[in-house]
Every structure is written in structure tokens, then in C-alpha cells.
Amino acid sequence: MKKLKLFALTAVALMGVTGVANAETAMLAQDDFVGISFWLVSMACLAATVFFFLERSSVPAGWRVSMTVAGLVTGIAFVHYMYMRDVWITTGDSPTVYRYIDWLITVPLLMLEFYFVLSAVNKADSGIFWRLMLGTLVMLVGGYLGEAGYINATLGFIIGMAGWVYILYEVFSGEAGKRAAKSGNKALVTAFGAMRMIVTVGWAIYPLGYIFGYLTGGVDASSLNVIYNAADFLNKIAFGLIIWAAAMQQPGRAK
Ligand SMILES: *C/C=C(C)/C=C/C=C(C)/C=C/C1=C(C)CCCC1(C)C
């Protein structure tokens, strides 16, 4: 375990150094508030990654894999934020392709997290994970095609919304929701309830970003990126902290 931690921290540190080397090409302007938001989220992701990996050994064994996944999500986002920040600072354009590559990896990991939290206490059926994955793919493919201009922005939005609504159905009324309610485990019910709030309220910020960015006449890259950055801060970092807090409530945790 010590080795894994050391490896993870070294990897994160190396990525940080690469990012610093790239930063020589452009400077952050004092009044570039969108650029500043890219910086803030990138550093918060770095700190969260170190925290989640270090806290892994303080939570009960069944929750450890959830902490690992939380650390991977913020670690992957950290690397993408280094690139996204550079794109924004040097070109003033939306880093759409890096953004969606990040989402394509981290959103399925967050879906896995739902599944792991359920199986930390009970055996969970893997069909839950595959259904959540299907909703994720529809949501992201629709959003990307719309944002990158392959299809009409409104059509992309509608397809993306359909994927998200399907995910909401699964976590509220589908098997995942039923299992959590039936488990009778307090930490699980707390964690699952909070995760559900994140997917409903926290994730609702993304379609808002899309609306302000593309559907109010012309393209507003500043609103789009500030809103997406704030949403990532909440949904990647706060999400991991919620799982960590629930795990620490579970009796029998390591001291
Ligand atoms: C860490 C990144 C996360 C949690 C990203 C989540 C992204 C979404 C929930 C995106 C949702 C969208 C819609 C619901 C409709 C419009 C298109 C999207 C892709 C912005």
C-alpha cells in the first residue's frame, strides 16, 4: 500500500512539472477571470488527489476502492485542467476536446463509484453499472456533437438531456436506488442520498453552462467555461469528500 501511494503521488508530481513547463508559453492575465477559474480548479484537484490517496488507509477496508476512484477522478481532471488552462490562456477558445476527453474518463469512474459504494455494504448487480454507463455515453456523445458543431446545438442538448434523465431514473427509481434503500446501512444510505443530490443538483449546472454558452444567441465561451469549471469543482471534489465523510462514519474504521 505504501508503494501504491508513493507511486500515485510521484505520478501526480511529475504531471505537475510537465504542466509548469507548458505554462512558459503563456501568462495568466490579472483580469482573466475565466483563466483564474481554470487555475483554481486545477490546484484544488491536485490537493484533493493527494488527500484522497493519503486518506485511503484511514477508512474501513470496504470503502478503500471508493477513495482510490475519487483520487483518480481528481488526478485525471488535474492533468486535463493543465492543458485546458493553456488552451484558454493562449487562444481564448473553449478547450472542448480536452473537456470531453476528461468527462469521458471521469464520469464513468464516478458511475463506478455509485456501484462500489453500493457493494461496500451489499452485493450489487453489475447491470446497474452498465445501465449508468449507457446513460453517460448518450449524454456525452450528444453534448460533444452539439458543442463541436457536428450537429445542431439544440439537438445535441436534447440528446444529452435524454442521457442524463435516464441516469436520474436509474439512481432514483431503478435497481440502484431500491438496493440502497433496502440495505438498512446508515453510512450507505447517507452516502447514496448525497451522491444522488450531486447527480441531480450538481450535475444540473452542466446543462445550464451549455444553455448560457450556446443556446442564448451566439457562442459565449466565458460563461460556458466559468460554469463548467465551477461544476467540476463541486462534482469531482465535493463528491469525493462526501464519500470520505460517509466512510469515516462507518463503525470499525482503522485508527
Ligand atoms: C467530472 C465531470 C462531470 C461530473 C461531468 C458531467 C457532465 C454532465 C452531467 C453533462 C451534461 C450535459 C447535459 C445534461 C445536456 C447538455 C450536454 C451536457 C453534456 C453538457
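Is Tyr 150 buried or exposed? At 60% relative accessibility, Tyr 150 counts as exposed, where exposed means over 50% relative accessible area, buried under 20% and partly exposed in between (1.4 Å probe, protein chains only). Before going further, a word on the ground rules. This is a predicted model, in which local features need pLDDT of at least 70 and side-chain atom pairs count only at pLDDT 80 or more, while totals for chains, interfaces and linings use all residues. Residues are numbered from 1 along each chain as its sequence is written, and side-chain values use heavy atoms, with hydrogens and water left out.

## Overall make-up

The protein has 10 helices and zero strands, which gives the pattern α-α-α-α-α-α-α-α-α-α along the sequence. Both kinds of element are DSSP runs numbered from the N terminus: helices are H or I with at least four residues, strands are E with at least two. Of the 255 residues in the protein, 48% are buried.

## Aromatic pairs

A pair of aromatic rings is described by the distance of the centres and the angle of the planes. Here, rings of Phe, Tyr and Trp (its six-membered ring) pair if their centres lie within 6.5 Å; planes under 30 degrees apart count as stacked, over 60 as edge-to-face and the rest as tilted. The count by this rule is 15 aromatic pairs. In one of them, the ring centres of Phe 38 and Trp 88 are 6.2 Å apart and the planes stand at 35°, so the pair is tilted. This pair links distant parts of the chain, with Phe 38 in helix H2 (residues 33-55) and Trp 88 in helix H3 (residues 64-91), 50 residues apart. Phe 38 is buried, with a relative accessible area of 0%, and Trp 88 is buried at 8% relative accessibility.

Tyr 150 from the opening belongs to another pair: the rings of Tyr 144 and Tyr 150 have centres 6.4 Å apart and planes at 40°, so this pair is tilted. Tyr 144 is partly exposed, with a relative accessible area of 25%. Tyr 144 and Tyr 150 also sit in one aromatic cluster with Tyr 100, Trp 103, Tyr 206 and Tyr 228.

How far apart are the end C-alpha atoms of helix H8? They are 23 Å apart, which agrees with the 24 Å that the 17 residues of H8 (residues 186-202) should span at 1.5 Å a residue; the expected span is 1.5 Å times one less than the number of residues. The buried residues in H8 are Ala 187, Leu 188, Ala 191, Phe 192, Met 195, Ile 198, Val 199 and Gly 202. They cover an arc of only 135° around the axis, which puts them on the same side of H8; the arc is that of the directions from the helix axis to the C-beta atoms. Lys 186 and Val 201 are exposed on the other side of H8. An α-helix has 3.6 residues a turn, so residues three or four places apart point the same way.

## Cavities

A search of the whole structure finds two cavities of 30 Å³ or more. On a 1 Å grid over the protein atoms alone, a cavity is a set of points where a 1.4 Å probe fits but cannot get out, and lining residues have an atom within 4 Å of a point. Grid points are joined across faces, edges and corners, and a volume is the space filled by probe spheres set on the points. In the classes below, Ala, Val, Leu, Ile, Met, Phe, Trp, Tyr, Cys and Pro count as nonpolar, Asp, Glu, Lys and Arg as charged, and the others, Gly among them, as polar.

| Cavity | Volume | Lining by class |
|---|---|---|
| Largest cavity | about 310 Å³ | 14 nonpolar, five polar and three charged residues |
| Second largest cavity | about 30 Å³ | three nonpolar, three polar and two charged residues |

The largest cavity is lined by 22 residues, of which Trp 103, Met 139, Leu 140, Tyr 206 and Pro 207 lie nearest its centre. Helices H4 (96-121), H5 (126-147), H6 (153-172), H9 (205-214) and H10 (221-249) are the elements that give two or more residues to this lining.

The second largest cavity is lined by Ser 94, Pro 95, Thr 96, Arg 99, Glu 147, Leu 224, Asn 225 and Tyr 228. H10 gives the most to this lining, with three residues.

## Two contacts across the sequence

Gly 160, found in helix H6, is buried at 11% relative accessibility. The C-alpha atoms of Gly 160 and Gly 143 are separated by 5.3 Å, with the two residues 17 apart along the chain. Met 248, in helix H10, is partly exposed at 21% relative accessibility. Met 248 and Trp 63 are 185 residues apart in sequence and 9.3 Å apart in space, C-alpha to C-alpha.

Methods: On a 1 Å grid over the protein atoms alone, a cavity is a set of points where a 1.4 Å probe fits but cannot get out, and a pocket is an open set with protein on both sides within 12 Å along at least five of seven lines; lining residues have an atom within 4 Å of a point.
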